[in-house]
Every structure is written in structure tokens, then in C-alpha cells.
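This briefing is meant to be read alongside the sequence and the coordinates.

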Amino acid sequence: MKSSKIAKRGQKAYIYILPWLIGLLVLQLYPFIASFIYSFTNYNAFGKMNFIGLDNYIKLFTKDREFYKSIGVTLKYTLLTVPGKIILSLAVAVMLNKARKGIGIMRTIFYLPSLFGGSIAIALLWKLLFMDSGLINSILNFFRISSISWLGDPKVSLVTLSSLEIWQFGSSMVMFLAALKQVPQSLYEAAGIDGANRAQAFFRITFPQITPILFFTIIMQTINALQNFTSAFVITKGGPVKSTYMLGLKLYNDGFAYYKMGYASASSWIIFMLILVITLILFGTQRYWVFYEDEVK
Amino acid sequence: MSKKTKKKMREAFAYARLIILGLIMVYPLLWMFFASFKSNEEIFGSLRLLPKSFSLQPYIDGWSSAGGINYGKFFFNTFVLVIPTTLLTVLSSTLVAYGFTRFNFKGKKQLFGLLISTLMLPNAVIIIPRYTIFRTLNVIDTYWPFYLAAVFACYPFFTYMLIQFMRGLPYDLDESAYIDGCGTFRVLYQILLPLLKPAIFSAGLFQFLWTYNDYFNSLIYINSVKKFTISLALRLSIDAETVVQWNQVMAMACVAVIPVVILFFVAQKYFVEGVSTTGLKG
């Protein structure tokens with residue numbers, strides 16, 4: 001009788017997950033499939049929709065110069081921001097973890113920038129700071145260094161946008177800090193007895209212990225970086241000469257400015273494939289460096 | 001040098017590095033705050049952090065600049081969008097998390113797998129058909145695209161976050177409540193909910209923050225200026241004029257981040273706990 005009661009209770013779970021089930025089907029699964037189908041059409045948001053086979057993809061790969069440029073820019077942005085953010089947040093977390101006083105206030109200060117995240121207010125601040133006559137150049141000039149065209153020079157514009165992203169390393173840092181606090185103190189004591197130095201202690205004890213959270217952070221940051229939109233749209237509008245024309249921005253322009261939604265869907269699937277491949281590669285590397293507590297090494 | 005002084009010096013050095021880095025981190029924010037009191041000329045070509053005189057003029061002018069509608073209205077719009085979205089997200093995520101953690105049902109494993117995979121489903125790949133759906137429903141240029149996504153738990157981060165938290169609560173609690181004759185909803189409402197409060201609060205804070213800061217979705221779904229949120233209005237302010245009054249832009253940018261700052265300092269504990277226990281992006 002008892003088990004039948006539990007089974008009956010189990011049925012009720014469907015009521016609780018119903019909102020999500022509807023959302024999954026209508027707002028996630030359906031759009032996912034639909035965008036794949038759109039990518040083989042010339043859908044233009046005004047009702048017209050004909051299947052045109054692989055034309056969108058062929059056009060992307062053979063005719064659309066912007067597209068290759070965008071992929072390059074997006075990958076470069078990811079390669080600049082993800083390692084930059086991870087290294088900085090890890091370094092600061094390690095330093096903070098050792099500090100005995102003032103951790104709270106320091107943590108707040110480092111976290112503050114990521115609080116405002118991708119907000120427009122901060123994007124505008126960045127635009128102003130890095131203008132030709134902005135504060136950053138004024139500081140450089142003060143030290144007798146000549147101005148750099150942070151937003152106007154195609155060689156540095158992407159670095160400028162990356163700096164905004166890296167500046168927001170605080171939330172990963174807070175995560176790492178929490179992970180560092182979890183590392184059992186006894187491990188260090190044992191290492192001390194064995195005569196390990198500080199570097200050894202870090203690479204043999206601390207680092208392996210925090211690899212799961214490190215791995216997770218890298219995955220999430222990569223997925224976000226590959227889809228970046230706001231800073232490119234607000235600060236540089238993709239310029240100069242498309243040097244910051246990221247895939248997210250191209251998708252927006254194609255789909256929502258020119259209403260070429262079929263075409264934009266094709267590039268959205270390229271973004272998806274890019275994310276998928278990179279994520280799978282990262283997952284593939286996992287067994288070489290990520291250490292999970294419950295496995296025996 | 002003795003070992004002790006060496007250690008002390010190393011410590012002082014580490015602190016110095018942290019403090020310098022910290023200053024670099026907050027300097028842009030401080031600068032933004034003080035720039036909002038400067039004249040437009042003073043913003044450029046001066047290294048001074050503090051304004052020559054604190055003028056509230058940029059705030060007064062900036063408040064009413066964009067398109068004949070003032071920031072009071074934009075603030076109002078933002079809260080009309082953000083608050084229901086946050087509350088609905090928290091509500092639906094809690095119900096779904098409850099369904100997933102406290103019951104055994106057919107297909108649970110597969111559905112949970114789907115939930116996890118939606119965590120990594122990029123917004124970029126679903127945004128166009130989603131837009132089409134909302135246009136068919138005739139809710140473009142309203143806040144319903146945000147509300148509906150919240151009602152139907154389409155923010156898998158929060159569902160996942162609450163699932164993780166709820167897993168940590170012992171099932172004995174439910175069991176004994178059932179023996180006392182409670183129904184499933186009462187178990188959630190009376191037994192689990194009080195214990196879930198910190199997690200729910202964290203989820204709510206982050207959803208508030210992300211929706212408040214969001215730009216991409218607002219840009220796509222909202223077209224008319226009278227429905228603009230603060231993000232959209234701020235963006236408008238550098239588009240509309242030929243000569244951008246940067247002091248006014250900075251003043252309104254300060255106004256825009258004030259709610260976030262207040263929220264952070266009031267609920268700092270939940271922020272830090274939320275980030276560190278769930279591993280969310282920030």
C-alpha cells in the first residue's frame with residue numbers, strides 16, 4: 001500500500017513541472033528546431049518563406065566576407081577574455097584567500113564591477129573613458145606616452161572591448177574563493193611535513209582541488225563570450241572596419257535590422273555549432289586535468 | 001633576515017598588490033560618479049577626479065532629455081518589467097525544482113537531462129523563432145515576452161540552482177509531514193519553503209539584476225519610446241543628439257546603477273552565497 005501511495009504521489013510531480021514542460025516545448029525546443037528549419041529558407045519576417053536549400057549556408061561560407069571576419073573576431077574575443085578573466089580571478093582569489101584582514105571589503109571591491117555586468121551604463125562609461133580625448137589617454141599623456149586610438153584603431157578596438165569583459169572578473173573570483181575555502185587544511189599540513197614549497201603546494205594540492213569549479217567556469221564563460229553582443233553594439237557598433245563585428249552583432253543586424261531572418265538563423269546555427277564544438281573539446285580535455293573528489297586516481 | 005620578518009614583508013607586498021589592483025578596479029566607477037557633476041568641458045582634458053564645483057545641473061537636464069519622456073517614466077517601466085519577471089521566475093522555478101527533487105516519476109531522468117542541456121542552450125539560436133512566436137501572440141512592444149518566459153520557467157539557471165539547494169534538504173522532513181496527513185503542496189509551502197528562503201532570495205536577486213541590466217532582449221522586444229526601460233533610454237541618449245552631453249549621460253548612468261548598488265549593499269550576503277554555491281555567471 002505504501003509504495004502505491006508513493007507512486008500516486010509521484011504522479012503529482014507532473015503538475016509541478018508542468019510550467020517548465022510547456023516552456024521547454026514552446027519556448028525552447030520549438031524555437032530550437034524552428035531556427036534550424038528557418039536556416040534553409042528565405043524567411044524575412046513579413047510572411048514570405050520559401051525553402052531555398054543550403055543557399056544561406058553557401059552564401060555565408062562563400063560570399064559573405066563579414067562572416068569569416070565575424071568568426072575570427074568572436075574567437076579572438078573569446079581567447080582574450082576567457083583566459084584573461086580566469087587567470088585574474090584565480091590569482092586574486094588565491095591572494096585574498098591568504099589575506100587575514102579585510103577580505104570582506106576587498107571581495108566587495110573586486111566583485112562590484114561584475115555587479116553591473118553588461119549594463120548599458122557601464123558600456124557608455126567605457127566608451128567615454130576610451131575615447132580619443134578620454135581619461136585613459138589623458139593619463140597616458142600625463143606620463144608622456146602618446147595617445148592610443150582605443151576605439152578607432154582596428155588593431156586595438158577588440159582589446160578595448162575585452163578589457164570591459166575582463167574587468168568584470170569578480171563573480172568568478174568569488175566562486176574560486178569559495179572553492180579555495182573548501183580545500184581541507186589537513187592536506188596542507190601533510191604537504192608541510194613532506195617539505196613541499198609554496199609553488200608545489202599550489203600546483204599539487206590547491207589547483208587539483210578547484211579544477212571542477214574551474215572547468216565549469218571556463219565552460220560558462222566561453223559560452224557567454226561567444227555570444228557577446230552589448231559592448232560591441234553600444235561601444236563600437238562593430239567598427240572600425242568591422243574589427244569588433246562579433247557574431248552576436250551580425251546575427252542582430254541580419255535578423256532584426258535587415259529582417260533577413262532565414263539568413264540570420266543560419267548564422268545562429270553556426271554560432272551554436274561553434275559553441276557545441278568548443279564545449280565538446282573542453283569536455284574532452286576534462287579527463288586530463290579535472291580532478292573529481294569521488295574518483296580514485 | 002629572519003624568517004618572521006621575511007614572512008611579514010611578503011604579506012605586506014601581497015596586500016599592496018591587492019590594494020593597487022582594487023583601486024584600478026573601482027577607479028572607473030568613482031570617476032563615473034564624479035564626472036556626473038562636472039561640466040561637459042571638464043570631463044575631457046582634465047585628470048582631476050573631483051569636479052571643480054558640484055553641479056546638479058547634469059542630473060536635472062539629463063533626467064528629462066530623452067525623447068520628451070523623463071527618466072521617472074523609464075524607471076517606472078523598468079520596474080514594471082523587472083519586478084513581475086523576478087517574482088514569476090522565482091515562483092515557477094521553485095515549483096519545478098520541487099517536482100524534480102521530491103518525487104519519483106516516469107521520465108524524470110530524461111527530463112532532467114533536458115533541463116541541464118537547456119542550461120547550455122545559447123540564446124542566440126532560439127531568439128529568432130521566439131521573436132516570431134511572440135509576434136504571433138501579438139505581444140511585441142509589451143513586457144509579456146519577459147513575463148511569459150518567467151511563468152514557464154525558461155530561465156533554467158534558477159531552476160537548477162533551486163534543485164541543487166533542495167537536494168540538500170533531508171527527505172525525512174517531507175516523509176514525516178506526509179505521515180501527519182499533509183498534501184504535496186502543503187509540504188512545499190509549510191515545510192520546505194521556510195528552509196528554501198535563502199536560495200529563493202539569491203535566485204530572485206540575480207534574476208532582478210540580470211533582467212535589470214539586460215539589453216539585448218529589451219532591444220528586440222520593445223520598440224516604442226514610451227515603453228523604454230532605462231537601458232534602452234540610456235542607449236538612446238548617445239544616439240539622439242549630435243553633440244553628446246556626456247555629463248548628462250554619466251549622471252543618468254549613475255542614476256541607473258543606484259538601485260543595483262542599494263540592492264547589493266542591503267543583500268550582500270545573499271549575493272556572495274548565491275555566486276559561490278551555484279557557480280553562476282555574474
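The points below are grouped by topic and refer to a predicted model.

**Contact between chain A and chain B**
- On the chain A side, 77 residues are in contact with chain B, and on the chain B side 65 residues take part.
- When the residues of the side of chain A that touches chain B are sorted by class, 50 are nonpolar, 24 are polar and three are charged.

**Domains of chain B**
- The domain assignment divides chain B into domain 1 (3–56) and domain 2 (61–278), and the C-alpha centres of these two domains of chain B lie 33 Å apart.
- Between the two domains of chain B, eight residues of domain 1 are in contact with seven residues of domain 2.
- On the domain 1 side of this contact in chain B, the elements that give two or more residues are helix H1 (3–35) and helix H2 (40–43) of chain B, and H1(B) provides the largest share with three residues.
- The side of domain 1 of chain B that touches domain 2 of chain B has, by class, four nonpolar residues, three polar residues and one charged residue.

**Leu87 of chain B**
- Leu87(B) is placed in helix H4 of chain B, which covers residues 71–102.
- Leu87(B) counts as partly exposed because 15 other C-beta atoms lie within 10 Å, a number between the limits of 12 or fewer for exposed and 20 or more for buried.
- Leu87(B) and Leu121(B) are separated by 34 residues in sequence, and their C-alpha atoms are 23 Å apart in space.

Terms used: Residues are numbered from 1 along each chain as its sequence is written. Chains are lettered from A and ligands numbered from 1 in the order in which they are written. This is a predicted model: local features need pLDDT of at least 70, side-chain atom pairs count only at pLDDT 80 or more; totals for chains, interfaces and linings use all residues. Ala, Val, Leu, Ile, Met, Phe, Trp, Tyr, Cys and Pro count as nonpolar, Asp, Glu, Lys and Arg as charged, and the others, Gly among them, as polar. Helices (H or I, at least four residues) and strands (E, at least two) are DSSP runs, numbered from the N terminus. Domain bounds come from an automatic or database domain assignment.
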